[in-house]
Amino acid sequence: MRIVTYNIQYGRGRDGRFDLDRVAREVAGADLIALQEVERFWTRSGGADQPRLLARCFPEHYWAYGPGVDLYLAGEGRGEDGAGRRRQFGNMLLSRAPLLAVRHHLLPKYASLGPPMSLQRSALEAVVEVRGGHLRVYSVHLTHLSAVTRLPQVEALLGIHASAVREGPPICGVGLREEWTLDGMPPPTPRGAILLGDFNMQPDSTEYERIVGPWSPYGGRITNPEGFVDAWVEAGNAIDAGPTAQVQGSPARLDYCFVSAGLKDRVRTVRVDAAAVGSDHQPVWMEIDL
């Protein structure tokens, strides 16, 4: 299975041009695509409905969109359908396999009088069918503000993962009224998960260690069986290699594929597409045997 995660900066490339077709070409061929900074109806990107435009580029994929920022601004008007044009900014998932159950999680936010700017961040979750079972996948975007404001979001994300099986699918139970079962029922929530996205943290950070476990001088990383591993490292890459963006002009690895500890032996390759120019981030590709 070929998986890619890409913060697309609402389609604005290194050259300053907005070009969603270019973004689509840079992630073409993936079975599962996790995108961040996808927006709807913002003036800066031409008022485009980017989730729908990107979905049209991948007619063979199922898709879901989850906005962290969701605003109705005065003077917009209601539109023909009465719904209004809500300015939205968030995460997207596209998958060749059906997205069987989707949930959208808003993450803890710390207000700022500015600068810097504080945005509502979120994690978009979907259960996808893989060969022989099901898997949870997340498109994640954490705050850029600081480690202090990012760590509560990491804790919330880990809490979402830990409670997923206990909470179960959006509809569950036996003996339900037929009106709830006529259209079919979602599968049980799988234990395995993959976290994909722009985490805005670097591998030497407290947040990173909280996800993959602490380092011990007595044998390396302490990986919890219910935790995650960094697929980049698991694939044999150096932990401090593979920059995906810049922080104040310095190369930094901010974008990750974290896989459940039970899936770590299934990771085959992870690479950064350093040639991509469709954003201020680089896509991260993972091949995993599912």
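**A briefing on Pro283 and its sheet**

Pro283 sits in the loop that links strand S15 (267-272) to strand S16 (284-288); strands (E, at least two residues) and helices (H or I, at least four residues) are DSSP runs, numbered from the N terminus. Please note that this is a predicted model: local features need pLDDT of at least 70, side-chain atom pairs count only at pLDDT 80 or more, and totals for chains, interfaces and linings use all residues. Residues are numbered from 1 along each chain as its sequence is written, and side-chain values use heavy atoms, with hydrogens and water left out.

**Around Pro283**

- Pro283 counts as buried because its relative accessibility is 0% (buried means under 20% relative accessible area, exposed over 50%, partly exposed in between, with a 1.4 Å probe and protein chains only).
- Apart from neighbours within four places in sequence, Pro283 is in contact (heavy atoms within 4.5 Å) with Val4, Thr5, Tyr6, Arg271, Val272, Asp273 and Ala276.
- Arg103 lies 180 residues from Pro283 in sequence and 24 Å from Pro283 in space, C-alpha to C-alpha.

**The sheet**

- Six strands form an open sheet in the order S3-S4-S2-S1-S16-S15, and their pairing is mixed (two strands pair if DSSP finds at least two bridges between them).
- Its edge strands, S3 (62-71) and S15, each pair on one side only.
- Strand S1 (residues 2-7) runs parallel to strand S2 (residues 32-40), joined by five bridges.
- Thr5, one of the contacts of Pro283, stands opposite Ala34 in S2.

**A helix across the strands**

- Helix H2 (residues 50-57) lies across S2, S3 and strand S4 (87-95), at about 145° to S2 (axes are lines fitted to C-alpha atoms, for helices over the stretch in contact, and angles run from 0 to 180 degrees between N-to-C directions).
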